[in-house]
2 protein chains.
Amino acid sequence: MKSLIDTITAIQLESPVDKIIGQLKQLIISGQLKPGDRLPAERVLSERFGLGRSYIREAILKLEFYGLLKTNPQSGTYVAGLSINVIDNIISDIIKFNKDDFNALIEARYHLELNAVKLAAERRTEEDLASIRSAMHDYEHKISHGKDAVEEDMLFHIKIAKATKNSVIESMILILVPDLIKNIVENKVCGDNRAKTAIKEHRQILAAIETQDVLKAEEAMASHLDEIWQISKAGFAAQQIINETEN
Amino acid sequence: MKSLIDTITAIQLESPVDKIIGQLKQLIISGQLKPGDRLPAERVLSERFGLGRSYIREAILKLEFYGLLKTNPQSGTYVAGLSINVIDNIISDIIKFNKDDFNALIEARYHLELNAVKLAAERRTEEDLASIRSAMHDYEHKISHGKDAVEEDMLFHIKIAKATKNSVIESMILILVPDLIKNIVENKVCGDNRAKTAIKEHRQILAAIETQDVLKAEEAMASHLDEIWQISKAGFAAQQIINETEN
DNA sequence: ACCAATTAATTGGTCTACCAAATAAAAGTC
DNA sequence: GACTTTTATTTGGTAGACCAATTAATTGGT
């Protein structure tokens, strides 16, 4: 039962890094900084924004990850050669990007995994099959002992992602995993009955991957995730109600 | 014509940050650091790894983005409550993650955008339609003047991504955009003939989104991306040959 | 006036010192 | 002895100092 103090601490001012990113965005939009230009030196930015150089570097690092900046050691940091419009769009998205949107998370996972399982069915090697099987057995073993096995479940999916032989898709799924686990645990998707049916579904998915039946793999994964999705939704709705009644 | 010096400079040693991440991974695998534990203080890690605290912080930041660590100010940094196996898998992926894998990039884009356009067709608002139309017109305008319009093309796709109302999928597409543009420019996907057909394809996609015809939207996007994919592949193969003959 | 070689200034990379908040330890109180 | 209050220590947050590489400016020669 926590209410007032939480809502207060939740109102934290914009992080210094996002502030800097926003400022840089303004510099670009206003035309003071054109695509391809060199950024002012980190020290200059530090002074101009009234923040330590550490923050400037952190912001640059973040924008570099998104491909908007490129820094050459001992030379300077340069704005990507993208149109202002594209840069603007991406920066706006970076600032507001968070993985807390429950529905978006589950939905993205759903689509990504459907894509992944199709590719996996197509390309899996014998080693992939072995590691997927192993992960499946770990899951079943944990379940048969009446324990939670959320992570083993995810590991099964991770091994499938690896079998896609597509590092980008794999990485995207990996990025979502911790938040998915958090979500699943919080919404108690893993009931005892659920676990039993999940085992069956896993086996169907594996079977389809083994026979390289792309269509069947997709179907099996879809129904597997559909169930999880429904349960998550219900759990999330319940959680929402609890939160509301707390205020 | 560059050969020897490049292959030498290309052999850059593992970055300090990845080195630290690898070390942390070892600590976790070896059981010295269990899920839920608090990390040694940054200063301690700094001394133990023989690297400055800046690097430690950078590594922690990266792992935090992937959801593996959680740092509480003035208290400590904690390992996520995930099984060692999951953590191991994700860290391994982080270290080797790069968006330079050409085929993986295009393929991931293909699947993501197919998912996106279906959701967009389903959920687009009038505002979405307006911004998509606007982006399309910008593209056509630029093309009609005989100019390159790679970025305007991407903007068209970005607006569709925004219409999905799914921030996770949107962000994932956004992350790929700069690399996609780089790839497209390098492989000269944008020939003059190509541009003309691309305009038609864009219009078909937009039409399907307008009428909320999910299936048609998917088909239109698929054939649009298929063409780009094929051209990219050819361009990439050509580039490979050039690189090889340079040695 | 032009160009090469040398020097000076600037850059990001790296590390260390200081800060306020959070925690643990110690002292005081009943 | 149990509990509260105070103090000391440890933490991540922040800022600034130093370094080597790069780039710009200067110089000297022709």
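Helices here are DSSP runs of H or I with at least four residues, strands are DSSP runs of E with at least two, and both are numbered from the N terminus. What you're looking at is a predicted model, where local features need pLDDT of at least 70, side-chain atom pairs count only at pLDDT 80 or more, and totals for chains, interfaces and linings use all residues; side-chain values use heavy atoms, with hydrogens and water left out. Residues are numbered from 1 along each chain as its sequence is written, while chains are lettered from A and ligands numbered from 1 in the order in which they are written.

**Chain A at a glance**

- Chain A has 11 helices and 2 strands.
- Walk along chain A from the N terminus and the elements come as α-α-α-α-β-β-α-α-α-α-α-α-α.
- Chain A has 247 residues, and 48% of them count as buried. Buried means under 20% relative accessible area, exposed means over 50%, and partly exposed is in between, using a 1.4 Å probe and protein chains only.
- Take the contacts in chain A between residues at least 6 apart in sequence: 73% of these join residues at least 24 apart. A contact means heavy atoms within 4.5 Å.

**How the two chains relate**

- Chain B can be laid on chain A with an RMSD of 0.1 Å, using a turn of 180 degrees and a shift of 0.0 Å along the axis. That is how copies on a two-fold axis are related. The superposition is by least squares on the C-alpha atoms of residues with pLDDT of at least 70 in both copies.
- The copies meet through the same surface, because 100% of the interface residues of chain B are also interface residues in chain A.

- Helix 6 of chain A (residues 102-123) has 22 residues and reaches 31 Å from its first C-alpha to its last, close to the 32 Å expected at 1.5 Å a residue. The expected span is 1.5 Å times one less than the number of residues.
- Of the 22 residues in helix 6 of chain A, 18 are buried, so the helix is largely enclosed by the rest of the structure.
- A135(A) sits in helix 7 of chain A (residues 126-144), and this alanine is buried at 5% relative accessible area.
- Leaving out residues up to four places away in sequence, A135(A) touches E152(A), L155(A), F156(A) and K159(A).
- A135(A) and M154(A) are 19 residues apart in sequence, and their C-alpha atoms are 9.0 Å apart in space.

**The hairpin in chain B**

- Strand 1 (residues 69-72) and strand 2 (residues 76-79) of chain B run antiparallel and are joined by 4 bridges. Strands count as paired if DSSP finds at least two bridges between them.
- Across this pairing, K70(B) stands opposite Y78(B) in strand 2 of chain B.
- The two strands form a hairpin with 3 residues between them, and Q74(B) in the turn has a positive phi of about 60 degrees.

**The core and the aromatic rings**

- The largest nonpolar core has 145 residues, and those with the most contacts inside it are L68(A), I160(A), L68(B) and I160(B). Such a core is a set of buried Ala, Val, Leu, Ile, Met, Phe, Trp, Tyr and Cys residues joined through side-chain atoms within 4.5 Å.
- Setting aside neighbours within four places in sequence, the contacts of L68(B) include L63(B), Y78(B), V79(B) and I94(B).
- Over all chains, a search of the whole structure finds 5 aromatic pairs. The rings of F65(B) and Y66(B) have centres 5.4 Å apart and planes at 85 degrees, so that pair is edge-to-face. Rings of Phe, Tyr and Trp (its six-membered ring) pair if their centres lie within 6.5 Å; planes under 30 degrees apart count as stacked, over 60 as edge-to-face and the rest as tilted.
- F65(B) is partly exposed at 27% relative accessible area, whereas Y66(B) is buried at 4%.
- F65(A), Y66(A), F65(B) and Y66(B) form one aromatic cluster.

**Loops worth a look**

- Q212(A) lies in the loop between helix 10 (192-210) and helix 11 (214-246) of chain A. Q212(A) has a positive phi of about 55 degrees although it is not a glycine.
- K165(B) is in the loop between helix 8 (150-163) and helix 9 of chain B. K165(B) isn't a glycine either, yet has a positive phi of about 65 degrees.
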